[in-house]
Amino acid sequence: MTLAAELLDIATRIAREAGDLARRRREEGVTVAATKSAAADIVTAADREVEAFVRAELERVRPGDGFFGEESAATESATGVTWVVDPIDGTVNYAYGIPAWAVSIAAVEGPADPAEWVALAGAVYNPLTGEMFRASRGGGAWLGDTRLAVTNDVGEAGGLVATGFGYDPATHAPTLAQLGRVMPIARDVRRIGAASLDLASVAAGRMDAYYEKGTNPWDHAAGALLVEEAGGVLGGAPGGRPGKGMVIAAGPAFFPRLEELLDYDR
Ligand code: LIP
């Protein structure tokens, strides 16, 4: 078994257990534990508990690996492998009871700078639909037994484009200006509220493209590998064309049309 396949098995098992834990906690009710960058940027008690569970499991089965999660301090890797974890991606959906949130777990190799990471394995699990999206480097992207492939020719109607809006009010005006530029080439626009599911949707051909400014590695590391392994093109994420601040993902024909309308830095 290759290292990537081994890491994917671990990511998949832990994502399933973590997602099921988060689902059970949701059934008991939601406790908002804190806010982060803005009042709207919330952390629930379940975010913290699920991240602690994932972290402890990874430490047990892969001692020495690094950890880079949304809710706790990062640790450096002694093995070259780092786990990039969002225990509940789509926390606002989770809190409101909207069934679009996921556990996102990626294993990456590389130095401390996330821009230089190479993702080896990634799992994105939506416990409410039971869908486990998974990919390993060179091993393809999968949903169950179905190998995933991005869409390519979007035709005259334009692409179905997913996006997101950051919590920082200073970014809202430029974000809306970018959206205005994209609309003419979009069939329609979706805002799902969980970056990992947006990227998994592009990998699965359910969306033609996704872009968002201001996501963090834990939001996009696993999903970016899904897109790459499904034949998509990436910008601004590990494995993608250089660009910081914005992630862009689409099929090979649609990607350049979208990229030329967007600005990675704004
Ligand atoms: C969220 C994303 C969402 C994005 C938010 C945030 P969280 O992750 O997935 O789509 O627009 O900025 O990063 O905070 O719910 O894990």
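The chain is divided by an automatic or database domain assignment into domain 1 (3-147) and domain 2 (159-259), whose centres, taken over C-alpha atoms, are separated by 19 Å. The model is a predicted one, in which local features need pLDDT of at least 70 and side-chain atom pairs count only at pLDDT 80 or more, whereas totals for chains, interfaces and linings use all residues. Residues are numbered from 1 along each chain as its sequence is written.

The contact between the domains, where two residues are in contact if their C-beta atoms, placed from the backbone, lie within 7 Å, takes 37 residues from domain 1 and 26 residues from domain 2. Among the elements that give two or more residues to the side of domain 1 that touches domain 2 are β4 (81-89), α3 (91-96) and β6 (118-126), and β6 gives the most, with six residues.

A "binding site" feature is placed by UniProt, in an unreviewed entry, at E70, D86, I88, D89 and D219; such annotations may be inferred rather than shown by experiment. These positions span 150 residues in sequence, yet no two of their C-alpha atoms are more than 9.4 Å apart, so they gather at one spot.

Of these positions, D86 is found in strand β4 and is buried (20 or more other C-beta atoms within 10 Å of its own), with 33 such atoms. Leaving aside neighbours within four places in sequence, D86 is in contact with E70, S104, S196, W218 and D219. D89 also lies in strand β4 and is buried, with 31 other C-beta atoms within 10 Å; with the same exclusion of neighbours within four places in sequence, the contacts of D89 are W101, A102, S104, A194, A195, S196 and D219.

Terms used
Helices (H or I, at least four residues) and strands (E, at least two) are DSSP runs, numbered from the N terminus. A residue is buried if 20 or more other C-beta atoms lie within 10 Å of its own, exposed if 12 or fewer, and partly exposed in between; C-beta atoms are placed from the backbone.
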